[in-house]
Amino acid sequence: MRSFPTKGLIWVFSLLFLPILSFSQPDAEIGKTLFKNKCAQCHAKNMKSVATGPALGAVEERWADYPREDLYKWIRNSSAMIAEGHPKANELWDEWKPTVMQPFPELTDDDIESLLVYIDGMYTGALLPQTQVASGGEAAQSTETPTWIYLVLFGFLAVLAIILMRVIANLNMLAANKEGQTYEQKTLFETLTSKGVISFGIFVLVVLGGYTTVNNATNLGRQQGYAPEQPIKFSHETHAGLHKIDCQYCHDGARRSKHAVIPAANTCMNCHRAIKVGTQYGTAELTKIFASIGYDPSTNKYFDNYDAMSEDEIMEVYTKWIADQYLVESGRAGLDEEGKKIVKDQWEDIKSSLTNDQKTKIQGPIEWVRIHNLPDHAYFNHAQHVSVGKLECQQCHGTVEDMEILQQYAPLSMGWCINCHRQTKVQFENNDYYKSYAKYHDELTSGKRDNVTVQDIGGLECQKCHY
């Protein structure tokens, strides 16, 4: 009997399937990380605007006349290709010199493919972040049971109760007739309006009303995952993540007061008098800041009588700025149909973002949508936690440096705060605020205790948060 050709089958399997198993699919997430670490300093994130370097959108189309490997070589070491006399490389050099692209010899072909997938996804809009929840605060994809199911269930139980009442009435009538007694059967209306039914209904309403009131009160401001659409698409990922801007540069109240404060537009202008075109949205979002405070980016001056300017005068200033930037980026001598549409759409967006039923003028503060809102009966002091407690902002607000759209990270429930007070160790060393706790300092020095928690210094006393 011939032996089974095991080794031969293994070789055949290897030749047929090993290339498939070893093939690596491009990953947009890997590409995003590579872009953030290696490209974002010079190239606009929207892949459409010109920054220090060119817009990267449609890069594969621009290299379509050359082998794919040439694009890989260009990304890894552009200077070497220029020195070799490659026609496309020299064409780009003539356009962008003396700006030199940093070499990245460590990038593999798979890395570059992932990077190209991310670039194309951002350029076409396929990877642009979507609003996670509606502006009204309800989750776009709620996991809660729909209300109609409860209504159907309540209706079913009500019908079942009526049927049972009629059955009981009929049984009582049969029992009375059997014993020769007279039984007056009540109508459905008389049954439903009887003292017992009305009393039970009132009891149910009181219970449901009390439950709803208490539940809504305890859930006030607790909207974990809430990420409303803001009047300006401000990216914490870009500012706090990519550019490493400290949280307290904008929210400077966190270290000195109860409130962290929402920064005024003047804080934005500390940077954006110089950076007038965004890397992701171009003029679309930054022009809203300029329009809110009356800054003319074309002349680098503020208007003296901005409050008195009409909407038509304001429109003339900022549509001209948008149009001029479009001409610079596109290299055209005049506005084409696409340019006219961009100018019109951006101006309409400026008006809708800076005005509403109560605020009818474009001039004035930007009305941001509040995300974190504790009820009035709960006291919270940012300075106590930031300056005294030495807590990082991310402990309560999450890794905001990774959030394109800011959301409420923590549940903000009473239990969540209490657990934190039970577990958080107080930083006694080199902290003048805690010098008065002599007992705990002595116990720490003697080795009687290893640490002191917020609970130990009264962090669970009701009056600390509810006074």
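Helices (H or I, at least four residues) and strands (E, at least two) are DSSP runs, numbered from the N terminus. This is a predicted model: local features need pLDDT of at least 70 and side-chain atom pairs count only at pLDDT 80 or more, while totals for chains, interfaces and linings use all residues. Residues are numbered from 1 along each chain as its sequence is written, and side-chain values use heavy atoms, with hydrogens and water left out.

Q: What pLDDT does the protein chain average?
A: The score called pLDDT is the predictor's confidence in each residue, from 0 to 100. In this chain, 91% of the residues score at least 70. The chain average is a pLDDT of 86.

Q: How many contacts beyond near neighbours in sequence does the stretch of residues 1-13 have in the model?
A: Contact means heavy atoms within 4.5 Å. The pLDDT of residues 1-13 is below 50. Where pLDDT is low, the predicted coordinates should not be read in detail. With that in mind, the number of such contacts for residues 1-13 is two.

Q: Is Ala58 buried or exposed?
A: You will find Ala58 in the loop between α2 (28-39) and α3 (59-62), and its phi is positive, about 60°, although it is not a glycine. Buried means under 20% relative accessible area, exposed over 50%, and partly exposed in between (1.4 Å probe, protein chains only). The relative accessibility of Ala58 is 19%, so Ala58 counts as buried.

Q: And Asn430, is that residue buried or exposed?
A: Asn430 is another non-glycine residue with a positive phi, of about 55°. Its place is the loop between α19 (414-423) and α20 (438-446). Because its relative accessibility is 80%, Asn430 counts as exposed.

Q: How are α2 and α7 oriented to each other?
A: Axes are lines fitted to C-alpha atoms, for helices over the stretch in contact, and angles run from 0 to 180 degrees between N-to-C directions. On that basis, the axes of α2 and α7 lie 7 Å apart, at an angle of about 90°. Angles under 35 degrees count as roughly parallel, over 145 as roughly antiparallel, 65 to 115 as roughly perpendicular and the rest as oblique. The two helices, α2 and α7, are therefore roughly perpendicular.

Q: How many residues in the contact of α2 with α7 are nonpolar?
A: On the α2 side are Ala28, Ile30, Gly31, Lys32, Leu34, Phe35 and Cys39, and they meet Asp111, Ser114, Leu115, Val117 and Tyr118 in α7. Ala, Val, Leu, Ile, Met, Phe, Trp, Tyr, Cys and Pro count as nonpolar, Asp, Glu, Lys and Arg as charged, and the others, Gly among them, as polar. Two residues of this contact are polar and two charged, while the nonpolar ones number eight.

Q: How do α15 and α16 lie relative to each other?
A: Helix α15 spans residues 311-330 and helix α16 residues 337-354. Their axes come within 10 Å and cross at roughly 135°. The orientation of α15 and α16 is therefore oblique.

Q: Which helices and strand do the buried residues of α14 pack against?
A: Helix α14 (residues 283-293) is mostly covered, with ten of its eleven residues buried. Among them are Leu286, Ile289 and Phe290. Their packing partners are α13 (265-272), β1 (295-296), α15 and α16.

Q: Which residues does Leu116 contact, leaving aside its neighbours within four places in sequence?
A: Leu116 sits in helix α7 (residues 109-124). Its relative accessible area is 3%, so Leu116 is buried. Its contacts are Val59, Glu60, Arg68, Leu71 and Ile75.

Q: Which residues is Trp368 in contact with, leaving aside neighbours within four places in sequence?
A: Look for Trp368 in the loop between α16 and α17 (382-388). Trp368 is partly exposed, with a relative accessible area of 27%. Its partners are Gln230, Pro231, Ile232, Phe234 and Ile262.
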